[in-house]
Amino acid sequence: MSRLIDGKKFADSLCNKISKEVSKLKEKNVIPGLAVIRVGEDPASTVYINMKAKKTKEVGMHSVTKILDEKTSGDDLLNVVEELNIDESINGILVQLPLPKQINEDSVINAINPDKDVDGFHAINTGRLWSSIDSLVPCTPLGCKMLLLNELKDLTGKKAIIVGRSNIVGKPMAALLIGESCTVTVAHSKTKNLQDEVKKNDIVVAAVGVPEMIKGSWIKPGATVIDVGINRIEKDGKKKLVGDVEFSEAAKVAGAITPVPGGVGPMTIACLLHNTLVATCRKNNLEIPKFF
Ligand code: NDP
C-alpha cells in the first residue's frame with residue numbers, strides 16, 4: 001500500500017504559517033485584503049466562496065465578497081473589477097469561474113491588475129510563469145507542486161506526465177514541473193496510447209474531470225500520483241466524491257498518492273491565501289516569506 005499524501009494536513013500547516021506572517025505584517029500596519037467576485041447563484045460556487053471567505057478571515061486577512069446578479073453584463077463586472085483594482089485595501093482579486101454566458105471570461109481575467117491576480121490566470125502572469133520570471137502562479141498547480149516537493153524533496157530528472165491541458169491546471173502544472181527540471185509530457189483527449197504514456201512516468205498528475213479514468217494498472221510501481229480531479233458521482237445509491245484516478249487500485253502500486261477528498265482540494269484555498277500574502281509583500285516592498 002502506498003503512502004497517503006495528506007493535503008489537508010499540509011494545507012492546515014501552510015495556513016498556520018501564513019497566519020503568523022499576517023500577524024507580522026499587521027505590526028507594520030499592513031493588512032492583506034482578498035476580494036472574491038461571484039456572478040450568479042451556482043450552489044457549488046457559493047459553498048466554495050463561503051469557504052474561501054472563512055479561511056481568509058481565519059488567517060487574519062481582510063475579506064470582501066461581491067455577489068452580482070446572474071444577468072450582470074460584462075461591462076458592469078468590469079466596473080467592479082476596476083473599483084477593486086484601485087482599492088488600496090485589496091491586494092488580491094479573484095473572479096469565480098465559470099461566468100454566465102453573456103460575459104467574456106478572458107476579457108474579465110485580463111482586466112484584473114496582474115499584481116492583484118491571485119488566481120494567476122492573467123496573460124501577463126502566464127507569460128511570466130513560462131518565462132521563469134516571478135509571477136502569481138495558479139493556485140491548484142502551485143499546491144500540487146508543494147505536495148510533490150514535500151514528498152520527493154527534489155524533482156530533478158523525474159519523468160512526469162500531466163493528463164489534462166487546461167489553462168488553469170494542466171498547462172501551468174507543466175510550466176512548474178519544467179521549472180523543477182522534470183522531463184514533462186502533457187497528455188489530453190487526443191493522446192494516443194495514454195496508458196502506455198502514463199506507465200513511463202515517476203510522477204502522474206491527473207487533471208481530466210473524468211471519474212476514476214486513470215487506472216491502477218497504468219501506474220508505474222513506486223510512482224507519485226497527484227489526483228486533481230473532483231467528481232461527484234453516485235455509487236450504490238450514495239453520493240460521493242472521487243478523483244480522476246482509480247484510487248483503490250492505484251494505491252496498491254504507487255509509492256505515494258493523494259486521496260480525494262483531502263488531497264489537492266484543500267491546497268487550492270491555502271495557495272490562494274499564499275498568493276494574496278505574496279501580492280501584499282510585493283506591493284509593500286517587503287520580503288516574501290518562503291514556505292517550501
Ligand atoms: P478541463 O475540462 O478544463 O480540462 C480537462 C482536460 O482533460 C482537457 O485538457 C482534456 O483534453 C483532458 N481530457 C478529457 N478527457 C480526456 C480523456 N479521456 N483522456 C485524456 N485527456 C482527457 O478541466 P480542469 O483542468 O478545469 O479540471 C480537471 C479536473 O480537476 C476536474 O475534475 C476539476 O473538477 C478538477 N479541479 C480541481 C481543483 C481543485 O481544487 N482540486 C481545481 C480545478 C479543477 P482536451 O484539451 O483535448 O479536451
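Let's start with an open sheet: 3 strands sit in the order β3-β2-β4, and their pairing is parallel. The edges belong to β3 (62-68) and β4 (92-95), each pairing on one side only. Averaged and with direction ignored, neighbouring strands here are turned by 15° against each other. This is a predicted model, where local features need pLDDT of at least 70 and side-chain atom pairs count only at pLDDT 80 or more, while totals for chains, interfaces and linings use all residues. Numbering starts from 1 along each chain as its sequence is written, and side-chain values use heavy atoms, leaving out hydrogens and water.

Helices (H or I, at least four residues) and strands (E, at least two) are DSSP runs numbered from the N terminus, and two strands pair if DSSP finds at least two bridges between them. Strand β2 (residues 33-39) is joined to β3 by 7 bridges. Look at V39: its bridge partner in β3 is L68.

Helix α10 (residues 265-283) lies across β2 and β4, at about 130° to β2.

Elsewhere, find helix α7 (residues 170-179). Among the buried ones are G170, P172 and M173. Their cover includes α5 (123-130), α6 (139-152) and β5 (159-163). Just after α7, S181 takes a positive phi of about 65°.

Key: Axes fitted to C-alpha atoms, helices over the stretch in contact; angles between N-to-C directions. Contact = heavy atoms within 4.5 Å. Buried < 20%, exposed > 50% of the residue type's maximum accessible area, 1.4 Å probe, protein only.
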